[in-house]
Amino acid sequence: MSRPFVRFTAVLVLAVAASAQGRGGPTVDAPRPRLVVLCSIDQLADWVWQAARPHFGKDGGFARLLGNGAYFPQCAYEHACSETGPGHATIGTGAPAAGHGIVRNAWWSPADGRAVYCVEEPMAALPELKEGKDRGPGRLLLRTLGDGVKAHVPGAKVVSVSWKDRAAILMAGRSADIVCWFEATTGNLVTNTAWVDKTPGWIVDFNEKRAIDGFHGWVWDRFGPPDAYAGLVDDRPYEVPHQNGSNQRTLPQPVTGGKPEPGGAFYTQVYVSPVGNTMVRLAGEAAVRGNGLGSDDVPDLLCISFSSVDIVGHTFGPDSVEARDTLLRLDRELATFFAFLDREVGADRWAVFVTADHGVGPTPEWAKAHGVDAGRGLLQTQARAAAEKALTEQFGAPPEGKRWITHVGEFSLFFDQAVLESKQGALDAATMHRQASRIAAAAAAGTKGFAAAFATSDLLETDPLGDPLRIALRKALCPGRAGDVQLVVKPYWLDGVIPASHGTPHPYDREVVAFAMGPGVPAGVRFAAPITPGFGTVLFAEMLGIPKPPGAVDTLPAGLFRMR
Ligand SMILES: [Zn+2]
């Protein structure tokens, strides 16, 4: 698993022209697909996929994607904010975070006096699905591929399914026919009045059948042969125990939530196990059938995001037995889902683009054991304390009960603007803000685990002069949302006690998998051209003969696709 150390910023400096290599040869003329599928696998870094690649099944989903489709080894996010909300919004709009506005999973809102979640929006619940309330795409600033499909293809349907609300919502957007996700309190597939005024019958059926409850007591054991886990250590002290009361960090484990009956604890453990992906696949199949997706010549769009790869990676580490096993099982789920689409839609009548919302770093302990400078700690808390101290030294203590920094999260510091105003003295507000930002950044950058910190105003107003780091940070900024200081953690350093995470501008967090397969896409081809995970929006716009989304940054490499 030396992969994460190999391609440092390679995608940023490569200016390779599209070069198709492989046995596929020239593209074929193809009919317009009846169904296009945007598929995200949450947290599937390219390095994680490469490490597991020898162990995927010969008849698995990845083998089919590689054999029948195109593989893009140079797919990376432009933005530094390698998080779930920003990534799914890019997959749906084709734009980096600075364009679509979902710059973090949550950000400080001075107007609300609190942090706001990227898909929170006042929205009435449906009577049967009360837990689906107050979610919507209202903070998304760009139109999605789904919006374009609805606007330009009369009769087309757009449907989105995920375990996570933000994944389903941000991939599809406002004008989708239905967007649905799971809620762990009830294990229900839910939606709300942002999309429908009545719960669709297929969702009622899906929830009444309680397929999820059928997994209560299912024992999660290793799925692959022993060599598929070679070199992986199952029991590591920094892993989080399985949430079934066993207090163990090893497989096998029953999935019960530690309770005799299904309930919130069980549904939460389902999410932190491969069963979460199975449930998303089942919901995807129900959505295809329930909405008649791909059943006629009017093309439809399905967005589907498998969330459990992410939470399993966070909980046990992407270099864990559990994460490897979840990926091997996902390979099967993809094969099953593709076979289902063959039956429902027709083997040559649907297309898929598979990518990920962000990557992940290895556990710092693993990195350290491989000779890399790595570590963990309450890094952002320490950066905040250092910034508070430096600001107080420069400008005096903030008013009683107040702090200079009102919120820290996802590598941003947000000032309490009222405190800045109260301490600005003879300075004008802009000068005070600039000085405070630079002082806070300098202090934060000097704390443990940080490589750099920048005043947001400096990033926005200064030419990045080709510096890949500052370019990536700029692409993660949106006025009013991204904070006043941007923190850059050192590679392989982790904030907090969670085994592994993402959210940095480093290659392991930004370089993700990408595959395209479908009519007109040459088989078994590797495209070396750099793309972003928003590429699917451009490919599918071309396949459907509609304009690409307004913020989409990718272009189609020559030879990838030709429509009849
Ligand atoms: Zn995550």
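**Walking through the model**

Mentor: Strands here are DSSP E runs of at least two residues, helices are H or I runs of at least four, both numbered from the N terminus, and two strands pair if DSSP finds at least two bridges between them. Before we go on, this is a predicted model, where local features need pLDDT of at least 70, side-chain atom pairs count only at pLDDT 80 or more, and totals for chains, interfaces and linings use all residues. Residues are numbered from 1 along each chain as its sequence is written, and side-chain values use heavy atoms, with hydrogens and water left out.

Trainee: Okay, which residue in S6 does Trp-108 stand opposite?

Mentor: Ala-115. S5 and S6 make a hairpin with 4 residues between them, and Gly-113 in the turn has a positive phi of about 65 degrees.

Trainee: Which residues other than glycine have a positive phi?

Mentor: Gln-43 is one of them, at about 80 degrees, and Glu-410 is another, with phi near 50 degrees.

Trainee: Where does Gln-43 lie, and is Gln-43 buried or exposed?

Mentor: Gln-43 is in the loop between strand S3 (35-41) and H2. Its relative accessible area is 2%, so Gln-43 is buried (buried is under 20%, exposed over 50%, partly exposed in between, using a 1.4 Å probe and protein chains only). Glu-410 is in the loop between strand S15 (405-409) and strand S16 (412-415), and is buried too, at 18%.

Trainee: Switching to cavities: how many of 30 Å³ or more are there?

Mentor: The count is 7. On a 1 Å grid over the protein atoms alone, a cavity is a set of points where a 1.4 Å probe fits but cannot get out, and lining residues have an atom within 4 Å of a point. Points are joined across faces, edges and corners, and volume is the space filled by probe spheres set on them.

Trainee: What's the volume of the largest cavity, and which residues lie nearest its centre?

Mentor: About 130 Å³. The largest cavity has 16 lining residues, with Val-48, Pro-318, Ala-323, Arg-324 and Leu-327 nearest its centre. Helices H2 (46-52), H11 (308-316) and H12 (321-345) each give at least two residues to that lining.

Trainee: And the second largest cavity?

Mentor: The second largest cavity holds about 110 Å³. Its lining has 13 residues, and Glu-410 is among those nearest the centre, along with Ala-80, Arg-104, Phe-411 and Gly-503.

Trainee: New topic: which peptide bond is cis?

Mentor: The one from Leu-251 to Pro-252, with omega near 0 degrees. Pro-252 sits in the loop between strand S10 (219-220) and strand S11 (253-254). Gln-248 is also found in the loop between S10 and S11.

Trainee: What does the side chain of Gln-248 make a polar contact with?

Mentor: The side chain of Gln-253, at 2.9 Å. A polar contact is a pair of N or O atoms within 3.5 Å; within protein, one must be able to donate a hydrogen and the other to accept it, and residues adjacent in sequence count only if both atoms are side-chain atoms. Gln-248 is partly exposed, with a relative accessible area of 40%.

Definitions and conventions
On a 1 Å grid over the protein atoms alone, a cavity is a set of points where a 1.4 Å probe fits but cannot get out, and a pocket is an open set with protein on both sides within 12 Å along at least five of seven lines; lining residues have an atom within 4 Å of a point.
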